[in-house]
2 protein chains.
Amino acid sequence: MKLVFASSNSHKINEIKKLLPENIELLGLNDIECFDEIPETAETIEGNAILKADYITQKYGYNCFADDSGLEINALGGKPGVYSARYAGEPRDDNKNINKVLAELENQSDRGANFKTVICLNLNGHQYLFTGIIDGNITQERKGSNGFGYDPIFVPDGYDETFAQMAFEEKNQISHRAKAVMQMIDFFEKKSI
Amino acid sequence: MKLVFASSNSHKINEIKKLLPENIELLGLNDIECFDEIPETAETIEGNAILKADYITQKYGYNCFADDSGLEINALGGKPGVYSARYAGEPRDDNKNINKVLAELENQSDRGANFKTVICLNLNGHQYLFTGIIDGNITQERKGSNGFGYDPIFVPDGYDETFAQMAFEEKNQISHRAKAVMQMIDFFEKKSI
């Protein structure tokens, strides 16, 4: 079965390709010659994942999955959430985004937050949403230089380092994205049932 | 395999029991003699579903699933969300909740909203989150008397009636909760793969 991952990032595509059962042929956007700017205009993380997967399935007819991620901060009522990448405006600037979050949390004792990834899978006329969540806290200042986005100010529960202080492989095993991906892989393999 | 549904509502339990494969013995909270007030103190709908399922799995050792639902209104930044049931304060009062939402949306042209159900399934040491979403709009006033909660002011996309104007069976087929449940059922049955 052919399955499209609505991404042009060959690293992300290869990572998931290795995990899927062999009878699934995973294609990226380049493989189906889709160079469109796919809309990400929804009001929720779930909504963006659905928009992207539906765009491909409707235009190209493929089974497809798409992901979207965001940081939800409790004291900010779940913001930046779906607006994480462009919280401080266009174009995306991770540094400005972090500054904005730290300023909004100044003197705030509740630093609780979670990263969330939602994968929308369109499969044979059915739609599935897999959600990966990791709880943690926002630091008072940046720590570490790995990763991207809000990684330098997010310490996952049970750890004393930010995502940006962890080795790539370590973050990659415990992350919200890994959790969502593993749910979809289990869905295909039914391995834990 | 025994599987606990973290609910005491025999109607909800029987509804899902009918859909699960025969090798799964579905138990409600009464069946395992759990009469605790299970915490629902998380900041997100996902978080509450996780809290409830984890409470049962950790205390009783069972595989278990729990659900949580809410209404997310775009113009209110996703509120009432996890606070849907008690948006106008304790104790729960659907009438006051609706009044509060209608007041907050007065003169607001963006009436877009979605209902969301998240099911957290703890299965053999793995955790899965299934999300059902239905998009729609908030009406200017109440219509219909079926259902509960915000049903009288929510018109799902593609329909011209509120949830409260629909027959129970009709709402029950298209609802956010039905969508989340069917994802979990498909997960157990692998029927669409």
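What percentage of the 193 residues in chain A is buried? Buried residues make up 52%, where buried means under 20% relative accessible area, exposed over 50% and partly exposed in between (1.4 Å probe, protein chains only).

This is a predicted model, in which local features need pLDDT of at least 70 and side-chain atom pairs count only at pLDDT 80 or more, while totals for chains, interfaces and linings use all residues. Residues are numbered from 1 along each chain as its sequence is written, chains are lettered from A and ligands numbered from 1 in the order in which they are written, and side-chain values use heavy atoms, with hydrogens and water left out.

**Stop 1: chain A as a whole.** Five helices and seven strands make up its secondary structure, in the order β-α-β-α-β-β-α-β-β-β-α-α. Helices (H or I, at least four residues) and strands (E, at least two) are DSSP runs, numbered from the N terminus. The C-alpha trace of chain A spans about 50 × 35 × 25 Å along its principal axes.

**Stop 2: the nonpolar core.** Select Phe65 and Leu121 in both chains. Phe65(A), Leu121(A), Phe65(B) and Leu121(B) touch the most other members of the largest nonpolar core, which has 38 residues. Such a core is a set of buried Ala, Val, Leu, Ile, Met, Phe, Trp, Tyr and Cys residues joined through side-chain atoms within 4.5 Å. Now stay on Phe65(B): not counting residues up to four places away in sequence, it touches Leu3(B), Ile16(B), Leu26(B) and Met184(B), among others.

**Stop 3: Cys64(B).** Step back to Cys64(B), in strand 3 (residues 64–73) of chain B. Cys64(B) has a relative accessible area of 0% and is therefore buried. Its contacts (heavy atoms within 4.5 Å) beyond four places in sequence include Ala53(B), Ile56(B), Thr57(B) and Asn122(B). Leu123(B) is 59 residues from Cys64(B) in sequence, with a C-alpha to C-alpha distance of 6.9 Å.

**Stop 4: the cis peptide bonds.** Most residues other than glycine have a negative phi, and most peptide bonds are trans. Select Lys79 and Pro80 in chain A: the peptide bond joining Lys79(A) to Pro80(A) is cis, with omega near 0°. Pro80(A) sits in strand 4 (residues 80–81) of chain A. In chain B, the bond from Lys79(B) to Pro80(B) is cis, with omega near 0°, but Pro80(B) is placed in the loop between strand 3 and helix 3 (94–104).

Stop 5: Finish on Asn107(A), in the loop between helix 3 (94–104) and strand 5 (112–123) of chain A. Its phi is positive, near 65°, and its relative accessible area of 79% makes Asn107(A) exposed. Asn107(B) has a positive phi of about 65° and counts as exposed at 80% relative accessibility.
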